[in-house]
Amino acid sequence: MHAVVCIKQVPDTTEVRIDPKTGTLDRRGVPNIVNPEDLHALEAALEFRDRFGGRVTVLTMGPNFAASALRECLALGADEGVLLTDRRFAAADTFATTYALWSAIQKIEKERGPVDVVLTGRYALDGDTGQVGPGLARRLRVPLLSYVTAIEEVDFEAKRIVVQRHIEGAVVTLESRLPAVLTCSADLNQVRYASLPALLAAQQAQVTAWSVDDVGADPEQCGLKGSPTIVSKSFVPEPRTDTCRLFEGEPAEAAASLVDFLIAEHRIPGFEPVGAKEA
Amino acid sequence: MAIRFDAVIVGGGPAGLSAALVLAQAGVKVAVIERGDYAGAKNMFGGVIYHEPTDWVVPGFASEAPLERRIGHHEYWFLDERSALKIAYEDAAWREKPNAWSVMRAKFDAWFAGKVEKAGAQVITQTTVVDLLRDGRTIRGVVTSRPEGEVEAPLVLIAQGVNALLVEKAGLGRDWRADEVVLGVKEVIQLPKGAIEERFGLTEGEGTAVEMLGGEATAGLMGSAFLYTNSDTVSIGTAVLLSHLREQGENPNRLLERIKAHPSVAPLLKGGEMREYSAHLIPEGGYRAMPRLYGNGVLVAGDSAAMVNAVTMEGTDLAMVSGKLAGETMLEALEKGDFTERTLSRYRDRLEDSFVFRDLKQFSRVGTFFADNRQYFDFYPRLANGVARQLFTVDLRPKAEHVRGLLDQIRGRRSLWRIGMDLVRGWRALA
Ligand SMILES: Cc1cc2nc3c(=O)[nH]c(=O)nc-3n(C[C@H](O)[C@H](O)[C@H](O)COP(=O)(O)OP(=O)(O)OC[C@H]3O[C@@H](n4cnc5c(N)ncnc54)[C@H](O)[C@@H]3O)c2cc1C
Ligand SMILES: Cc1cc2nc3c(=O)[nH]c(=O)nc-3n(C[C@H](O)[C@H](O)[C@H](O)COP(=O)(O)OP(=O)(O)OC[C@H]3O[C@@H](n4cnc5c(N)ncnc54)[C@H](O)[C@@H]3O)c2cc1C
């Protein structure tokens, strides 16, 4: 079993503020963390390895200090951390990011052996597009299993996997052939806690750093040059003012008044007012 | 296989990091174990750090540490309901030779930890020390919250701050009593650009530190309120003796709301946006509340050892100096290969020679004295305002009537004899 897990280092957005004037993130003094869902993707890969043996390679594209995110994954048990870092990768949109990651996965396949499954987070805390996983599946020409919330069966010999995915209002069980790309949600599993020896070893560990040339990527398709998306403007929405009506009184009474109000105001078909006493 | 270090420091606050720096710079294999996501993540204080003690521990820190403002003014405000009597001290000499800096601990401690890491220490975060490894009466390492989490080391420094569970586990002391800890709550409030300079009469980069006393600040309980200016925020909070809060059923958040609404404070915060809210205990039991400072294989520094000067609001400097002295003693022990109390007792000697012990001894009676004499936190600040009010108010009444008004205010509340005694006793407690 060989799993590649794509992780992204993101600012801890619980601590980020948006500058209302420029509309950009104020990242000063904000700590960087591994995108939370990516840790669940890693956990899924580690559970595969626990059961079937094999190898877990963690891949990230980012600046030099993203190495610390890879070390966190090494502490949790990943076998190797690969850092795609090069000035020419910078300012990539999701299209160029996907191209770069795909190029690296090619090299990983060639040098570390065939890849059975690629796992990503569902979406990244900061960019929040949820496009990188799907983009990778397209480039790799393998099935995409997005929003995975449970893995029911997996057989790497028979190259088949059965997963549950959450879609709006329903849970879908899907069977797919492998290799495939899975985008993982936080419900999928509980991330393990690194042991102290593993943590210490990871702090000293080297990560593999690859440049544009190392992965044989076309510089024209990387970073800013390879990014068709242009951010024309970003802004903070104006706060909206609206009237607010509070239904007071005993809970049952207040609920009845609320229901009456909703039915009357919004003419919900098929419902008659319950006839609460008007306060 | 057990993990081994020459020394383990519990806690990545000022005390622990200062010790680690000494050890790492001497090439000792030292680990700092910190429970927060990073050093500083969970830490808060008023507050200001003091230049000279910090520089003694980290020479040249001022040119690289994340500092907010150089403190140019120190002020005491005595509050009455709608008035404030202010004593301010400013010193131009501090421009050339800084005295104190406002800092945010999340940034400062993180920077300090980075410095210690560069010097060669291993900083292990997101890891809590839950117990000590013992051999009879000798401490020989720590147990952390992680799987396979034991770390062996001939020397352990407990620098875990005020909640010093390990001090008890090491058999060196007991938990604090409620009259030995002060509960501080604080808000960090962001102000529009330029507002700090304008409202506080400051030049760029210069800051002020305000200590507020009086019934309006602490509802007459022992403690004070504080206000510090940071780069573009102010820190405002109250710090009140825990036992008084309990006896009075008083809520610190309510005190903070009240101080924010005081007419001398509210205009300073106008239009501000709250960025942070935090609470933390301060061990103010002083010299008498101190645990034993060392045992076989173990030492205690900083807040864990109650090294706080409650009168002057100093804690970080005592933590750093005690940490450094602990580090030097540990170095000596490693050189000798003797980790018993005999060598480690040199830590206490070093502290005795430093300002840390001198100050803590001098102020050893302050806490209990003021805790039992709440008039200093209510009656006197009001009286001082009364005097000033009579002195400055010009109306159609003769001055003699103003004086009589003042005497009426005192009469029936406290005799002149008692006031005289309070002055003498108050002075004695401090001097
Ligand atoms: C409109 C827009 C404009 C942008 N403009 C810029 C810009 O000008 N400059 C700039 O630097 N950035 C820019 N970005 C950010 C950048 O495009 C994205 O952060 C990046 O392409 C990943 O997309 P995402 O964050 O939406 O990830 P998602 O697609 O939401 O992430 C899903 C999963 O993909 C994986 N993944 C995502 N990114 C990486 C990565 N780098 N390495 C490994 N795995 C990864 C993770 O597993 C993650 O959980 C922009 C983003 C948007 C939405
Ligand atoms: C409201 C308030 C205002 C203050 N104002 C000032 C001021 O203006 N100036 C001043 O000099 N001092 C001030 N102080 C006091 C000062 O903050 C402390 O004295 C100082 O921080 C003590 O340093 P320390 O290293 O001993 O402890 P701490 O700074 O508390 O550091 C202890 C560290 O140990 C970690 N830790 C705790 N338990 C464990 C564990 N089991 N395992 C691993 N890690 C652990 C904590 O996360 C923390 O990082 C103030 C304090 C408060 C609460």
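Six strands of chain B make up an open sheet of mixed pairing, ordered β8-β3-β2-β12-β19-β18. Strands here are DSSP runs (E, at least two residues), numbered from the N terminus; two strands pair if DSSP finds at least two bridges between them. The edges are taken by β8 (122-124) and β18 (294-295) of chain B, each with a single partner strand, so one side of each has no neighbour in the sheet. Within the sheet, β2 (residues 7-10) and β12 (residues 155-158) of chain B run parallel and share four bridges. In this pair, Val10(B) faces Ile158(B) of β12(B).

The model is predicted: local features need pLDDT of at least 70, side-chain atom pairs count only at pLDDT 80 or more, and totals for chains, interfaces and linings use all residues. Side-chain values use heavy atoms, without hydrogens and water.

Chain B also contacts chain A (heavy atoms within 4.5 Å). Chain B contributes 20 residues and chain A twelve residues. The two chains bury about 1400 Å² between them, 55% of it on carbon and sulfur atoms. Buried area is the accessible area (1.4 Å probe) lost on putting the two parts together, summed over both.

On the side of chain B that touches chain A, β8, β11 (150-152) and β17 (273-283) of chain B each supply at least two residues.

Note on methods
Residues numbered from 1 in each chain as written. Chains lettered and ligands numbered in written order.
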